[in-house]
Amino acid sequence: VLTIAAYKGGVGKSTTAVHVADALAADAPTLLIDRERFGGSFRWFENGTGWRFDAVRGRDATAERVASYRTGHIVIDTPAAPTTDELQAFASRSDLVIVPTTPDALALELLTEAVRDLRRVEATYRVLFTIVPPLPSREVEKARRALERANVPLFTTTVGRAAAFQQAALKSTLVGNVRAHRSRQHAAAYVRIVEELKEVLK
C-alpha cells in the first residue's frame, strides 16, 4: 500500500497519485483509492479512458473491491490537508508514504511538520520534489541540501513544472499523452520514481 499525502495543497498530490498508479500498473494490478472529498484523482480517472489501473472513491473501497488487489498495488490519494491523526493513521497502514512538495519556503515549512508527524509513528516515507522550476533556478538544489542535512529521505527524481500537467488533467489523461513540450520526459520521471520506490520496498 502506497499513500500520497501532503499538508500543503497545490503540490501535485493527485497528479502524483494518478501517474504513480499508472506506472505501477505496468507490472501488477493496481487500484487507486481516492479519499479526497471532491474526488480529484477519481474524476481524472472517471473522465478518461485507456487507463492501466482501476480507481474508486474512498466510500466505494469495500473489502471485496480491494481484496483482488492485495497481491498487486494499492495507491491511496489522501484528503487535502489531512489532520495529524489522519496522516498518521494512513501511514500506519502503508508500506510507504510519498510526500510531494514544491521547493518553496512555505511548502518546506509544512513539509517539516509532516516529516515530524510521520517520524513519530516510525513511518517509511520519501519526499518527492514536484512542480520544480526550470534552470537557472536553483531553488530545488537548496531545498534538497537542507533536507539532506536534516536526514529526510528523498527521491532522486524530481518532477518539473510544466503546462503539460494542466493539459493532462483537463483532458483526463496522462502527461505523456498530451502534445506539449517535454511531455514524454515528464512521463518518464514517474517511471523512474516507481523504480526508486520499488527499491525502497525491497
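**Loops and helix contacts**

Author: Ser172 sits in the loop between helix H7 (163-170) and helix H8 (183-201); helices (H or I, at least four residues) and strands (E, at least two) are DSSP runs, numbered from the N terminus. The model is predicted, so local features need pLDDT of at least 70 and side-chain atom pairs count only at pLDDT 80 or more, while totals for chains, interfaces and linings use all residues. Residues are numbered from 1 along each chain as its sequence is written, and side-chain values use heavy atoms, with hydrogens and water left out.

Ser172 is not a glycine, yet its phi is positive, at about 50°. Most residues other than glycine have a negative phi, and most peptide bonds are trans. With a relative accessible area of 8%, Ser172 is buried (buried means under 20% relative accessible area, exposed over 50%, partly exposed in between, with a 1.4 Å probe and protein chains only).

Ile131, in the loop between S6 and H6, also has a positive phi, near 50°, and is not a glycine. Ile131 is partly exposed, at a relative accessible area of 32%. Pro136 is placed in the loop between strand S6 (125-129) and helix H6 (139-149). The peptide bond leading from Leu135 to Pro136 is cis, and its omega is near 15°.

Turning to the helices, the axes of H4 (residues 84-92) and H5 (residues 105-120) come within 9 Å and cross at roughly 50°. That makes H4 oblique to H5. Axes are lines fitted to C-alpha atoms, for helices over the stretch in contact, and angles run from 0 to 180 degrees between N-to-C directions; under 35 degrees counts as roughly parallel, over 145 as roughly antiparallel, 65 to 115 as roughly perpendicular and the rest as oblique. From H4, Thr84, Leu87, Gln88 and Ala91 meet Ala114, Asp117, Leu118 and Arg120 of H5, contact meaning heavy atoms within 4.5 Å. The residues of this contact divide into four nonpolar, two polar and two charged (Ala, Val, Leu, Ile, Met, Phe, Trp, Tyr, Cys and Pro count as nonpolar, Asp, Glu, Lys and Arg as charged, and the others, Gly among them, as polar).

Helix H5 also holds Leu111, which counts as buried at 3% relative accessibility. Leaving aside neighbours within four places in sequence, Leu111 is in contact with Val99, Thr101, Val127 and Leu147. Thr101 is ten residues from Leu111 in sequence, and their C-alpha atoms are 7.0 Å apart.
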